[in-house]
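This report walks through one protein chain, element by element. Look at the sequence and the fold first, then read on.

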Amino acid sequence: MTQPQPEVTEHPTAKRTGMVLGTTAGIATLFLLLRLLAVSEWDWNTAGAIADSLDFGDALPIAFGTLFARPELTGVLVALLLPFALLRALWPLSGHGTLSLSGVLAAIALVTVAVVWVRTFNSWWVVIGALVLGGILLAARLIWRRGIGRRIVLGVLRSAGVLAVVGLLGLAVTVDTPWMSKERLDAGEGAFEGWVLEVQPGFVKVLTEERDVLVLFTGDIVERELVEE
């Protein structure tokens, strides 16, 4: 008579880690899809041609390229997320004073981006907006220390991750310029401007400003130079 085998239960931490990784992969995939469609100006054929030069490993450089492409939109996102990140890092929601490494790193990253944004564009509206929103959140947390008011405030603060995801996906839809620098190429029949999607031995794949995908032989390209925008 065989003995019953003990049931193997998954550790809660491992399960939670798997859910986080799965959610992150899903968000990255959706981001790449929306970014691809926006760059192709929502044309199915152009999107398919660009997709041939795209892989999942490009998600990080594409994300950074999206943030730097439209600094005004990135500024709005930073102004919204910075107070959430600072409050959660300096005043943990648990109330036990336990700092989260990911929260601290997110706060440092957002502060760095805000400083660089102000220095580059010599404009303070990002910092002012972050201070105003942060003051409102801080006042709300100090006033409503218990009851339903406290639950609402903590729920709003915990929504920072959702806000970041929505903002990033919103940028993916809004920004229609590719994630690489624009170049001027001379293929012997006149120069034109576009974005080099892929460089392989013998050919170069280019996306033109009209959102046409061209494949040029390397030997036909006389000159390539970056275009300052």
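## A contact across the sequence

F121 lies in helix 5. Helices here are DSSP runs of H or I with at least four residues, strands are runs of E with at least two, and both are numbered from the N terminus. F121 is partly exposed, at 40% relative accessibility. The classes are as follows: buried is under 20% relative accessible area, exposed is over 50%, and partly exposed is in between, with a 1.4 Å probe and protein chains only. F121 and P71 are 50 residues apart in sequence. In space, their C-alpha atoms are 9.2 Å apart.

## Basis of the model

This is a predicted model, in which local features need pLDDT of at least 70 and side-chain atom pairs count only at pLDDT 80 or more, while totals for chains, interfaces and linings use all residues. Residues are numbered from 1 along each chain as its sequence is written, and side-chain values use heavy atoms, with hydrogens and water left out.

## Overall make-up

The chain has eight helices and five strands. Along the sequence the order is α-α-α-α-α-α-α-α-β-β-β-β-β. The chain holds 229 residues, and 32% of them are buried.

Which residues of helix 3 are buried? In this helix, residues 59–69, they are A59, I62, A63, G65 and T66. Seen down the helix axis, these buried residues fall within an arc of 165°, so they line one face of helix 3. The arc is taken from the directions that run from the helix axis to the C-beta atoms. L60 and F68 are exposed on the other side of helix 3.

An α-helix has 3.6 residues a turn, so residues three or four places apart point the same way.

## Surface patches

Two patches are described here. Patch residues have over 30% relative accessible area and no salt bridge; like charges are joined within 9 Å, and nonpolar side chains (Val, Leu, Ile, Met, Phe, Trp, Tyr) within 5 Å. Accessible areas come from the Shrake-Rupley method with a 1.4 Å probe, and for residues only the protein chains shown count as cover.

The nonpolar patch consists of L86, L90, V111 and V115. Together they have about 340 Å² of accessible area. Helix 4 and helix 5 (101–121) are the elements that give two or more residues to this patch. V111 is found in helix 5. V111 is partly exposed, at 33% relative accessibility.

The positive patch is formed by R88, R145, R146, R150 and R158. Lys and Arg count as positive, Asp and Glu as negative, and His and the chain ends are not counted. Each charge is placed at NZ of Lys, CZ of Arg, CG of Asp or CD of Glu. R88 lies in helix 4, residues 71–90. R88 is partly exposed, with a relative accessible area of 36%.

## Salt bridges

Side chains of opposite charge can pair when their charged atoms come close. The rule used here asks for a side-chain nitrogen of Lys or Arg within 4 Å of a carboxyl oxygen of Asp or Glu. By this rule there are seven salt bridges. One of them joins E72 and R70, with the closest N and O atoms 2.6 Å apart. E72 is partly exposed at 36% relative accessibility, and R70 is partly exposed at 27%.

E209 pairs with K182, with the closest N and O atoms 2.7 Å apart. This pair links distant parts of the chain, 27 residues apart. E209 is in the loop between strand 3 (203–208) and strand 4 (213–217), and K182 is in the loop between helix 8 (160–174) and strand 1 (183–186). E209 is partly exposed at 37% relative accessibility, whereas K182 is buried at 9%. Both belong to a salt-bridge network of K182, R184, E193, E209 and E225. Elsewhere, K205 bridges to E198, with the closest N and O atoms 4.0 Å apart. Both K205 and E198 are buried.

## Positive phi angles

E41 is not a glycine, yet its phi is positive, at about 55°. E41 sits in the loop between helix 1 (12–39) and helix 2 (44–51). E41 is partly exposed, at 46% relative accessibility.

R211, also a residue other than glycine, has a positive phi near 65°. R211 lies in the loop between strand 3 and strand 4. Is R211 buried or exposed? At 8% relative accessibility, R211 is buried.
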